[in-house]
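Me: I'm new to this one. Can you walk me through it once it's on the screen?

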Amino acid sequence: MVSRNGNKLYASVYTWPASGPALHLTAKSPFTVTGARMLATGVAVSVTASGDGYDLRPTGSAPDPIASVIELDITPPPAHPVGTGTGLTAQFWTNNTFTGTPAVTRVDPTVNADWKYRLPRTSHPHHELLRS
C-alpha cells in the first residue's frame with residue numbers, strides 16, 4: 001500500500017525482501033524519486049528507475065515484524081498552466097447515440113453538474129438529455 005502527503009510517498013511493506021528481489025513500485029502518474037529511507041530508522045534505501053516505476057532495495061532486516069514503511073521523496077511534474085478560456089463546452093442530446101444537432105450547447109465555467117433542482121434547459125426533462 002502506498003499513500004502520499006505532499007511531496008512524500010509512504011510505501012508500507014508487509015513482506016520484507018531481505019536480500020531477495022527488489023520491491024517494485026509502479027508509477028500510476030509521472031513523478032521522480034529523489035531519495036528514500038526507512039521511516040523507523042532513517043536508513044537509506046536504494047532506488048532505481050525500472051520499467052513502469054521504481055525498484056526499491058532495502059537492506060537488513062525489517063524494522064517492524066508486521067509492516068515497515070519506506071518514505072520516498074518525490075518531485076512531481078510541473079503543473080499545467082491555468083487556461084485563459086471561459087470554461088468547457090458542454091453539449092446535450094435528446095438521444096443516446098450523441099448524433100444529430102445537440103439540443104443544448106453551452107460553456108460551463110466549472111465542471112459541477114447537479115441537476116437535482118436545475119436542468120440545463122427547462123424545455124427538456126433531464127431524463128431526455130445526455131451529456132458529452
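**Core, strands and side-chain pairs**

Me: Let's start with Phe31. Which residues is Phe31 in contact with, leaving aside its neighbours within four places in sequence?
Reply: Phe31 touches Leu9, Tyr54, Ile74, Thr75, Pro76 and Pro77. Contact means heavy atoms within 4.5 Å.

Me: What kind of model is this, and how are residues numbered?
Reply: The model is predicted: local features need pLDDT of at least 70, side-chain atom pairs count only at pLDDT 80 or more, and totals for chains, interfaces and linings use all residues. Residues are numbered from 1 along each chain as its sequence is written, and side-chain values use heavy atoms, with hydrogens and water left out.

Me: OK. How many helices and strands are in the chain?
Reply: The chain has zero helices and ten strands. From the N terminus on, the elements run β-β-β-β-β-β-β-β-β-β. Helices (H or I, at least four residues) and strands (E, at least two) are DSSP runs, numbered from the N terminus.

Me: Back to the inside. Which residues have the most contacts inside the largest nonpolar core?
Reply: They are Leu9, Phe31, Val33, Val45, Leu56, Ile70 and Leu72, in a core of 16 residues. E2, strand E3 (23-26), E4, strand E6 (53-57) and E7 each give two or more residues to this core. A nonpolar core is a set of buried Ala, Val, Leu, Ile, Met, Phe, Trp, Tyr and Cys residues joined through side-chain atoms within 4.5 Å.

Me: What does buried mean there?
Reply: Buried means under 20% relative accessible area, exposed means over 50%, and partly exposed is in between (1.4 Å probe, protein chains only). Of the 132 residues of the chain, 26% count as buried.

Me: Take Val33. Where is Val33 found, and is Val33 buried or exposed?
Reply: Val33 is found in strand E4. Val33 is buried, at a relative accessible area of 14%. Apart from neighbours within four places in sequence, Val33 is in contact with Val47, Tyr54, Leu72, Asp73 and Ile74. Val33 and Tyr54 are 21 residues apart along the chain, and 8.1 Å separates their C-alpha atoms.

Me: What about charges? How many salt bridges does a search of the whole structure find?
Reply: The search finds four salt bridges. A salt bridge is a side-chain nitrogen of Lys or Arg within 4 Å of a carboxyl oxygen of Asp or Glu. One of them joins Asp73 and Lys8 at 2.5 Å, N to O.

Me: Why does the pair of Asp73 and Lys8 tie together parts that are 65 residues apart in sequence?
Reply: Because Asp73 lies in strand E7 (residues 68-75) and Lys8 in strand E2 (residues 8-13). Asp73 is buried at 16% relative accessible area, while Lys8 is partly exposed at 27%.

Me: Which salt bridge does Arg37 form with Glu71, and how far apart are the closest N and O atoms?
Reply: The closest N and O atoms of Arg37 and Glu71 are 2.8 Å apart. Arg37 lies in strand E4 (residues 32-38) and Glu71 in strand E7, so this pair ties together parts that are 34 residues apart in sequence. Arg37 is partly exposed at 22%, and Glu71 is buried at 11%.

Me: Which residues are linked in a network of salt bridges?
Reply: Lys8, Arg37, Glu71 and Asp73 are linked that way. Asp73 and Arg37 also meet in a salt bridge (2.3 Å, N to O).

Me: New topic: rings. How many aromatic pairs does a search of the whole structure find?
Reply: The search finds two aromatic pairs. One of them is Trp93 and Phe98, edge-to-face, 5.5 Å centre to centre with 90° between the planes. Rings of Phe, Tyr and Trp (its six-membered ring) pair if their centres lie within 6.5 Å; planes under 30 degrees apart count as stacked, over 60 as edge-to-face and the rest as tilted. Trp93 is buried at 7% relative accessibility. Phe98 is partly exposed at 39%.

Me: Last one. In what sense do strand E1 and E2 pair?
Reply: Strand E1 (residues 2-5) and E2 pair in the antiparallel sense over four bridges. Two strands pair if DSSP finds at least two bridges between them. Val2 stands opposite Ala11 in E2. The hairpin of E1 and E2 has two residues between the strands, and Gly6 there takes a positive phi near 65°.
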